[in-house]
Amino acid sequence: MAEQAPAASDSPMSSRREQALVEVILRHQVQIDPDDLGAVLDLAAVGIVNGAWRNSPVEDWHSQSRLHDGDMLRINAHTSWRVREIVR
């Protein structure tokens with residue numbers, strides 16, 4: 001039997017339903033086992049770094065070609081690694 005995500009129209013969402021929805025999203029859309037804390041923390045670290053760069057001067061520099069793709073990749077990879085170290 002396939003797991004079903006809770007309906008979005010049910011408001012307010014109980015914490016139980018929210019947990020079920022997060023589990024379904026992690027398992028089936030992100031392909032991460034929600035019980036694997038390390039994988040969840042890695043995903044959170046990537047999200048934190050993405051959120052920090054979006055609409056920031058760093059993203060502006062990249063869009064203006066002041067930072068090349070390789071530089072941006074290295075900055076993102078290193079920053080994600082550091083945030084993972086801090087979160088773990």
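**Exercise 1. Where is the place of Q31?**

Solution. Start with the source: this is a predicted model, where local features need pLDDT of at least 70, side-chain atom pairs count only at pLDDT 80 or more, and totals for chains, interfaces and linings use all residues. Residues are numbered from 1 along each chain as its sequence is written, and side-chain values use heavy atoms, with hydrogens and water left out.

Step 1. Q31 sits in the loop between α1 and α2. Helices here are DSSP runs (H or I, at least four residues), strands are E runs of at least two, and both are numbered from the N terminus.

Step 2. Check the backbone. Q31 is not a glycine, yet its phi is positive, about 60°. Most residues other than glycine have a negative phi.

Step 3. Check accessibility. Q31 counts as exposed because its relative accessibility is 62%. The cut-offs, in relative accessible area, are: buried under 20%, exposed over 50%, partly exposed in between (1.4 Å probe, protein chains only).

**Exercise 2. Describe how α2 and α4 pack.**

Solution. Step 1. Two packed helices are described by the angle between their axes and the distance between the axes. Axes are lines fitted to C-alpha atoms, for helices over the stretch in contact; angles run from 0 to 180 degrees between N-to-C directions.

Step 1. Helix α2 (residues 37-53) and helix α4 (residues 69-87) pack at about 130°, with axes 8 Å apart.

Step 2. Classify the angle. Under 35 degrees is roughly parallel, over 145 roughly antiparallel, 65 to 115 roughly perpendicular, and the rest oblique. Therefore α2 and α4 are oblique to each other.

Step 3. List the contact (heavy atoms within 4.5 Å). From α2 it includes L41, A45, V46 and V49; from α4 it includes I75, T79, S80 and V83.

**Exercise 3. Is S80 buried or exposed?**

Solution. S80 lies in helix α4. Its relative accessibility is 9%, so S80 counts as buried. Leaving out residues up to four places away in sequence, S80 touches A45, V46 and V49.
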